[in-house]
Amino acid sequence: MNAIKINHLSKQYDGFRLDNVSLTLPNGMIMGLIGENGAGKSTLIRLLMGLTKPDSGTIQLLGQDNRENFHITKQDIGIVFDETGISPELNVRQVNSIMKDVYEKWDEKQFWEYVRKFDLPEKKRFKTFSRGMKMKLGIAMALSHHAKLLIMDEPTNGLDPLVRDEVIRLLCDFTRDESCSVLISSHIVSDLEKICDYIAFLHKGQLLISEEKDRLYEEYGILQCTAEEYAALPPESIIGKNDTHYGLEVMVKRSAVSGEHNFSSIDLEKMFVFMARGEKT
């Protein structure tokens, strides 16, 4: 069973279209969702959670169509949005009391362990929390009801590097259970590079690629070349190029380039910049 399976998903808004997106997240894996502001990441997550309806296409979460019995499936999904949705007047103790009635498998002991780990005040009102504290509370809630799938929209945004590293460790521990999976969107590509098994690139509502991270490193590389060498490359091999003071820096499909070449490795951030720009001329 796959944690997430999306087939030909589309959603039209004024001035924006999420267009024909298909991707699969196997159980026990972490998928990083990367894209610029307005790429469609939050739209996709809202569609997954049933907060808006697609114009076409299907979504399965934990083997269930998210249009059928989703109130049951939601019990097994932990959610961390950029905005937590917690009432500003509540404190952590009150949040715990409410969550006990929301989730059948709410683990109060585990919740308080996260509250102490994240050093969250128990009695202060949520509206007094910093952005980082609010995000930490959202993460604590998502991890405290024995979810099988975590869906996280910018969960490390606003967190200092030490806490971000702690969250990354928590997610790695979470997926040691092969029945548990994570979909995480983030602008902090270096965080995703550390933990993700799969990467999905969204750009202007289009899914550019959805693939195992290690296969991306194997398939794509960087060539440093002159204009003449660039002109000799097969057009189908070229993903994008960048003019530098030392010549051209070109992202290519390694398998589509014949002959002997010294490829430089490419990281996820540079890979996405090349794909999003798509400049070949």
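Trainee: Which residues do ring pairs link into a cluster?

Mentor: First, the ground rules: this is a predicted model, where local features need pLDDT of at least 70, side-chain atom pairs count only at pLDDT 80 or more, and totals for chains, interfaces and linings use all residues. Residues are numbered from 1 along each chain as its sequence is written, and side-chain values use heavy atoms, with hydrogens and water left out. Rings of Phe, Tyr and Trp (its six-membered ring) pair if their centres lie within 6.5 Å; planes under 30 degrees apart count as stacked, over 60 as edge-to-face and the rest as tilted. On that basis the cluster is Tyr 103, Trp 106, Phe 111 and Trp 112.

Trainee: How many aromatic pairs does a search of the whole structure find?

Mentor: One of the pairs is Tyr 103 with Trp 106, stacked at 6.4 Å centre to centre with 20° between the planes. Both of these residues are buried (under 20% relative accessible area; exposed is over 50%, partly exposed in between; 1.4 Å probe, protein chains only). The search finds 6 aromatic pairs.

Trainee: Phe 201 and Phe 272 form a pair: how many residues apart in sequence are the parts tied together?

Mentor: The two rings are stacked, 5.5 Å centre to centre and 5° between the planes. Phe 201 lies in strand E9 (residues 198–203) and Phe 272 in helix H10. Helices (H or I, at least four residues) and strands (E, at least two) are DSSP runs, numbered from the N terminus. The pair therefore ties together parts separated by 71 residues.

Trainee: In helix H3, how wide an arc do the buried residues cover?

Mentor: H3 spans residues 92–102, and its buried residues are Val 92, Val 95, Asn 96 and Met 99. The arc is that of the directions from the helix axis to the C-beta atoms. They share one side of H3 because the arc is only 100°.

Trainee: Which helices do the buried residues of H3 pack against?

Mentor: Contact means heavy atoms within 4.5 Å. By that test the partners are helix H4 (108–117) and helix H5 (131–142).

Trainee: Which strands stand at the edges of the open sheet of 6 strands?

Mentor: The order is E6-E7-E8-E3-E9-E10, with mixed pairing. Two strands pair if DSSP finds at least two bridges between them. Each edge strand has a single partner, so one side of each is left without a neighbour in the sheet. The edges are strand E6 (77–80) and strand E10 (206–212).

Trainee: At about what angle does H5 run to E6?

Mentor: E6 is joined to strand E7 (residues 149–153) by 4 bridges, running parallel. H5 lies across E6 and E7. Axes are lines fitted to C-alpha atoms, for helices over the stretch in contact, and angles run from 0 to 180 degrees between N-to-C directions. The angle to E6 is about 175°.

Trainee: Which residue takes a positive phi in the hairpin of E4 and E5?

Mentor: E4 and strand E5 (residues 64–65) pair in the antiparallel sense over 2 bridges. Leu 61 stands opposite Gln 64 in E5. The hairpin has 2 residues between the strands, and a positive phi near 55° is found at Leu 62.

Trainee: In the open sheet of 3 strands, what is the order?

Mentor: Strand E11 (220–225) and strand E12 (238–244) are the edge strands, each pairing on one side only. E11 is joined to strand E13 (residues 247–253) by 6 bridges, running antiparallel. The order is E11-E13-E12.
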